[in-house]
Amino acid sequence: MRIAAKLPTGALEAPGGGIDEVDLTPVRTYWQLVRTRFLHHRLAATAVVLMVVLVFASIFFPIIGGDAWYRTSLKFGEHDPVSLIAPMGYDNIGINIFYRLMKALQTSLIIGGVAVLIISIIGTAVGAVAGYVGGAVDNFLMRVVDVVLSLPTFFLVIMFVAFLGSGNVFVIIFAIGLTGWTTAARLVRAEFLRLREAEFVQAAKALGASDRRIAIRHMIPGAMAPVVVAATLGIADAVVTEAALSFLGFGLLPPEASLGNMLTHAQDYFYRQPLWIYYPGITLILVVIAASFIGDGVRDALDPRQRVEN
Amino acid sequence: MATYILRRVIQAIPIVVGISVLTFLIVYLTPGSPVDRFRSPRVSAEAIAALIRSYGLDQPLPIQFFKWFTKFWSFPWDPNAWGFSFVDGKPVRDTIIARIPATLELTGMALLLTVVLAIPIGVLQAVKQYSWWDKIITILETIGYAMPTFWLGLILKQLFSIQFNMFPLFGMHTIGKTDLPDLLWHLALPVATLTVVSTAGWSRYMRASMLEVLRADFIRTAKSKGLGARQVIFKHALRNALIPIVTLLGLTIPTLLSGAAITEAVFSWPGLGGLGVDAVRDRDYPVVLATVMIGGVFVIIGNLLADIAYGYVDPRIKY
Amino acid sequence: MSFAESVSPPQPSGPLLDVKGLKTHFFTEDGVVKAVDGVSFSIGHGQTLGVVGESGCGKSITAMSVMRLIERPGKILEGEIRLDGRDLVKLTDEQIRDVRGNSISMIFQEPMTSLNPVFTCGDQIAEAVAVHGAVSKKEGWKRAIDMLQQVGIPDPKRRAAQYPHELSGGMRQRVMIAMALSTNPELLIADEPTTALDVTIQAQILELMKTLRERNQMAIMLITHDLGVVAEMADDVVVMYAGKVVEKSDVATIYETPHHPYTRGLLASLPRLGEKRERLEVIRGVVPNPLNLPSGCLFKRRCPYAMPICDTAPPLQDVGRGHVSRCWLTPTGEPPAVGSSPTAEQAEAAAVALSVAS
């Protein structure tokens, strides 16, 4: 850790007094502070570890498992006990459940990540334009936000997916992205309204910087903090939405692997294979918990004023 | 107050038009058509064309929209105003009205239980912050909040219907029975599913709200007056901590009708949510449109009610 | 009969409030903060004590300790707080509630946030009355209006029915005072009562407090960082620094012959009328980190007189009649008799010898 001497403001002005006092409290940069605060948030730090494990597993196991996630075999849950190769056994058509689960996790994380990226991009763009241009444009965009917010979101997602083609990953990402950007847009707009009056933006204006340059170079970075927080928390929502879609039969359909359609499938084996509904369910909960805690940690680290007691 | 409500209603008009246009566009501009499912070698092209005509799908889109929009909003008392289902040909309005009681029984009961459980839990947690009780409940809340409703529904079904055979697997009534105990028996698991998830969220919110209020300067004032812990907590703190809960209630009102689609699907509950999902699946456009419209209008009503209630609970807000 | 005109009970001998060796520490995640560390002072009946110091010196925590309003992670570790001879530290929660708002009332710095936004001003005053005397709602309300009148709020009937947000900051502080005095307390603790107010309003509030002090014959513990306010109001002064009392005396002595270099610094930083100075003096440096206090004298890093002996904690020594100061300098301001750089043992012995019983 960098240790720097902090000069008390009074020291320089003290008549006749030299700089004889050194306070050894370390001075840290903004990002060092953010990192320290984040790591101080024990739950968030643990959640990062959990998320890294989940991401790693979702990349690693589908690679070493090859096509095991959809390849059928003559092994069945009932008479082939769990083994090192199949720690969760085989399903009714002989597919290795563990590999299928890892593939499903991969799909979920990709859908969650990309959807949140789209949400952030659309939200930032709309919010930035509304907040920077203001006036009639702002008014119109905010009414659009009101309209989208008034619609039942999950139902809208179902409509998009059902009408544009069930079972398509891109459609699912598109549907989640297109319905979820409103919160980000409002956050960015609010930050822009605040930053528009900030001194450094006024200074850039006085120096003759163009509107576009001011917005992109000076204001968007300043407005990103709440978007980053919303995006991290949004991963959980996106993953659950995808699972729900697939569970209801609108999302990914077998043979594609999804946590949602694995649950639908497991539902048919309620009596003989009760564990089958726990595998995808607990995986889903782990993803959601990890994303929410990381989101909480990021929020507390970026803006300690918003700290929520935990 | 009356002028305030009037102003809000007028402000809501463009939003209602907006959600109408947007939903209509999504429904009618996406690829595919409701007659697709009738297409087969055994159905003649003429029959399909007749079907398209009878649905009104042959007319230009703006005309279709205009006809639907004016009819939908001008004559809600007319049973035919919301059109007829493409699937069973019945008036959409009647179908929807018939589904409302089942949904309200489910969501209303869950909301009631949530409020009754979550507020005391959150208050107790805040008052006993740092205690074991607070820590354990916080962990349970985190898990409950992270649990997708459909998964929780499945787990409850497996545990209480299959393992212990205490509650029915699905449906609203045992065939041939319509009495209250039977209904409650069928309600237990779906209501529990919704209640667990929303109680987890609400009590977290209540706890945070209460903690914030307990740190306020006026709480210190109340204590310095010599008030007992009970008066400080239940009179001075709770009254303030409940103010943000009113917003939550306003946001929840629309989900009374539309929010339980997934739970309804898991338990085959014959409510509005399930109707909407089925209608999307069947491309039953009039039913889809009506369902979304009702959802949207309830969001607007919920927000309005929340704002009005705010004026009553928070003296700082005047209309 | 009006409360205000009632005759105060025969006064027992001895001070009204006597605080001895009070230690209030906070056990935070980062370490123990000794917010109040061995503080002693007393307030006589009807007297006003000014408690002065920079923010974070422990003056507010001292006041909260007297009210027994310290909460986790804070704790009163040691000491006595005697009110008319009764030790408040030893009272049960039930008993201390009867003292709060009854024998001792408190007003706070932030009139904007110190009143509950969802109850009317009248309700909040009436509640204070009702807690300590079985009075009817109607009587409580009447008392509230009477109190609002006493604190100089025009149209008290209408004001009583209003919510705090409908009143200005100065008005709200008057409501706070009305609430605090509604039970005729023997002691009023005022924690920076005028800091958040405009200068003209400040003067009005101080004037009001003076008037009410005379009328009710109550004692005041006035916490402030503003030496001007102290000069105007107080009989005695306690100067606190980093959780300890560094100087204590009557108000005239402090202003005329301050002893502790910190007090001198505070006084030197005040602008004075009719005195031409190039610049105001400042105390260099900042208050030490409460988690990492220096050994020896807590002020030594900022002190222009710092000597090697200051590495040993200085005694609270008698420097005049009733005038004590926590500094090694002799009463006349010379280095101590033991020399400016004695051995640690010599310094310890000198500290014990000089120390006054506190």
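Helices here are DSSP runs of H or I with at least four residues, numbered from the N terminus. With that in hand, welcome to a set of close-ups of a predicted model.

**Figure 1. Helix H4 of chain A and the glycine that follows it.** Just past the end of H4(A), Gly134(A) adopts a positive phi of about 70°. The helix itself covers residues 97-133, 37 residues in all, and its first and last C-alpha atoms are 53 Å apart, close to the 54 Å expected at 1.5 Å a residue. A residue is counted as buried when 20 or more other C-beta atoms lie within 10 Å of its own.

Figure 2. In chain A, the bond from Pro254(A) to Pro255(A) is cis, with omega near 15°. Pro255(A) sits in the loop that links helix H10 (211-248) with helix H11 (259-267) of chain A. In chain C, the bond from Arg72(C) to Pro73(C) is cis, and its omega is near 0°. Pro73(C) belongs to the loop between helix H1 (59-66) and strand S4 (74-83) of chain C.

**Figure 3. Non-glycine residues with a positive phi.** Most residues other than glycine have a negative phi. Ser268(B) is not a glycine, yet its phi is positive, at about 45°. This serine, Ser268(B), is in the loop between H11 and H12 of chain B. With 13 other C-beta atoms within 10 Å, Ser268(B) is partly exposed. Gln217(C) likewise has a positive phi, near 50°. Its loop joins helix H7 (199-216) to strand S8 (219-224) of chain C. Gln217(C) has 14 other C-beta atoms within 10 Å and is therefore partly exposed.

**Figure 4. Crossing of helices H4 and H12 in chain B.** The axes of H4 (residues 92-127) and H12 (residues 272-282) of chain B come within 8 Å and cross at roughly 135°. H4(B) and H12(B) are therefore oblique to each other. Which residues make the contact? H4(B) supplies Thr95(B), Ile96(B), Arg99(B), Ile100(B) and Thr103(B), while H12(B) supplies Leu272(B), Gly273(B) and Leu275(B). By class, the contact of H4(B) with H12(B) has 4 nonpolar, 3 polar and 1 charged.

**Figure 5. Chain B where it meets chain A.** This contact takes 37 residues from chain B and 33 residues from chain A. Several helices of chain B give two or more residues to it, including H5 (132-146), H7 (180-214) and H13 (285-313). The most, 7 residues, come from H1(B). On this side of chain B, 26 residues are nonpolar, 10 polar and 1 charged.

**Figure 6. Chain B where it meets chain C.** Here 19 residues of chain B are in contact with 23 residues of chain C. H8(B) gives the most, with 7 residues. The side of chain B that touches chain C has 6 nonpolar, 6 polar and 7 charged residues.

**Figure 7. The fold of chain C.** Chain C holds 11 helices and 12 strands. Its radius of gyration of 22 Å is close to the 21 Å that the globule rule gives for 358 residues, so chain C is as compact as a globular protein of that length. Of the 358 residues of chain C, 46% count as buried.

Key
Residues are numbered from 1 along each chain as its sequence is written. Chains are lettered from A and ligands numbered from 1 in the order in which they are written. This is a predicted model: local features need pLDDT of at least 70, side-chain atom pairs count only at pLDDT 80 or more; totals for chains, interfaces and linings use all residues. Two residues are in contact if their C-beta atoms, placed from the backbone, lie within 7 Å. Ala, Val, Leu, Ile, Met, Phe, Trp, Tyr, Cys and Pro count as nonpolar, Asp, Glu, Lys and Arg as charged, and the others, Gly among them, as polar. Axes are lines fitted to C-alpha atoms, for helices over the stretch in contact, and angles run from 0 to 180 degrees between N-to-C directions. Angles under 35 degrees count as roughly parallel, over 145 as roughly antiparallel, 65 to 115 as roughly perpendicular and the rest as oblique. The radius of gyration is taken over C-alpha atoms; the globule rule is 2.2 Å times the number of residues to the power 0.38. A residue is buried if 20 or more other C-beta atoms lie within 10 Å of its own, exposed if 12 or fewer, and partly exposed in between; C-beta atoms are placed from the backbone. The expected span of a helix is 1.5 Å times one less than its number of residues.
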